[in-house]
Amino acid sequence: MTSGSDRAAYLKAKQFMLSREPAGHLAVRLLIPPRLQPHILAGYAFASFTDDLCDRGTVPERTRRYEGWAEQVRAALDTGTARHPLLRAFLHTAEKRELPRAWVDSYLVGARIDLDFGGFTTEEDYQAYIETLTWPFLMITSGLSMPGGGSRAYADSCRLLADACQRTDFLTDLAEDLRDGRLYLPTDDLEKHGVVRADLERGRDLPGVRSLLAATASTAHATLREATRIIAELPEEQRPLTRFVILLHDHRLRRASAMGAAVTRGPVRDNPIECVRILAAGRRPLDLPALEPRGAEGF
């Protein structure tokens, strides 16, 4: 039974997500069974709040805030109680959905990477980031839809989806990240295409820049297509939201491709009309051919 304080905590989590991610909140409300909505929102609220602590302010400020928060989280997991409403809602959800604590502990360790991010040199560096941070993030959010975090096969499919979504986000957020002094594309990839960081920072429309961005989009698309296997591992009632996530990132990759080198000068924005169509498409079987890369027209 959920107590009054737990209900209030879930309401705070809902309000937080409505303010921070209104489109994501709407997708959860429309595409997930009502009995699971509080749990999914609580997971996303906890993970997003933690992510925000790591992204805002100077490195010392971020580090101080994060360390204090991580201590609260670990204490809550140890004792089963929490005062912070977002943490209390997540704690209750993690217990009810039997989420393995290892995913939370891994996420707390991984989140420290973003406190003072120095960039990736190789693809292996990027994959380590997925393994340590992005995959646990997905498991303490989407993984809550499956009791106990789901099977090993489901977790492995979540890793593929985490990889595809993260690479897509790094591409679509490239301009904003560069302005913040961060580059999430491996420097080895830049060198392969004869690109230096200054080319990206100055928004240069060069053949090498276009080929670098096209290769990034192609890799993301290929991983996204492979990740569609996750649909078959979910109960039918939980498939619409995951279809939506996959189709939304497919949409973003196509938008990025259409912009070409302009993605170094401004963020990729979602097309609101297309997003409504994608919401409706989430309730239908996934159109796999739609995820086939269409080349690099924009690049």
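Biologist: Is helix α13 mostly covered or mostly exposed, and how many of its 21 residues are buried?

Modeller: This is a predicted model. In it, α13 is mostly covered, with 15 of its 21 residues buried.

Biologist: What span should α13 have, at 1.5 Å a residue?

Modeller: The 21 residues, 239-259, should span 30 Å. The end C-alpha atoms lie 31 Å apart, which agrees. Just after the helix, G260 takes a positive phi of about 65°.

Biologist: Which residues have the most contacts inside the largest nonpolar core?

Modeller: They are F46 and I140, in a core of 90 residues. Helix α8 (residues 152-172) gives the largest share of this core, ten residues. Now take I140. Leaving aside neighbours within four places in sequence, I140 is in contact with residues including F46, F90, W103 and Y107.

Biologist: How is a pair of aromatic rings described?

Modeller: By the distance of the centres and the angle of the planes. The whole structure has 18 aromatic pairs. In one, Y107 and F137 have ring centres 5.8 Å apart and planes at 70°, so the pair is edge-to-face. Planes over 60 degrees apart count that way. Y107 sits in helix α6 and F137 in helix α7, 30 residues apart.

Biologist: Are Y107 and F137 buried or partly exposed?

Modeller: Y107 is buried, because its relative accessible area of 1% is under the 20% cut-off. F137, at 23%, is partly exposed.

Biologist: What kind of pair do Y126 and F170 form?

Modeller: Edge-to-face, because their planes are at 70° with centres 6.2 Å apart. Y126 is buried at 1% relative accessibility, and F170 is buried at 6%. Ring pairs also link Y126 and F170 into a cluster with F117, F120, Y129 and Y184.

Technical notes
Residues are numbered from 1 along each chain as its sequence is written. This is a predicted model: local features need pLDDT of at least 70, side-chain atom pairs count only at pLDDT 80 or more; totals for chains, interfaces and linings use all residues. Side-chain values use heavy atoms; hydrogens and water are left out. Helices (H or I, at least four residues) and strands (E, at least two) are DSSP runs, numbered from the N terminus. The expected span of a helix is 1.5 Å times one less than its number of residues. Buried means under 20% relative accessible area, exposed over 50%, partly exposed in between (1.4 Å probe, protein chains only). A nonpolar core is a set of buried Ala, Val, Leu, Ile, Met, Phe, Trp, Tyr and Cys residues joined through side-chain atoms within 4.5 Å. Contact means heavy atoms within 4.5 Å. Rings of Phe, Tyr and Trp (its six-membered ring) pair if their centres lie within 6.5 Å; planes under 30 degrees apart count as stacked, over 60 as edge-to-face and the rest as tilted.
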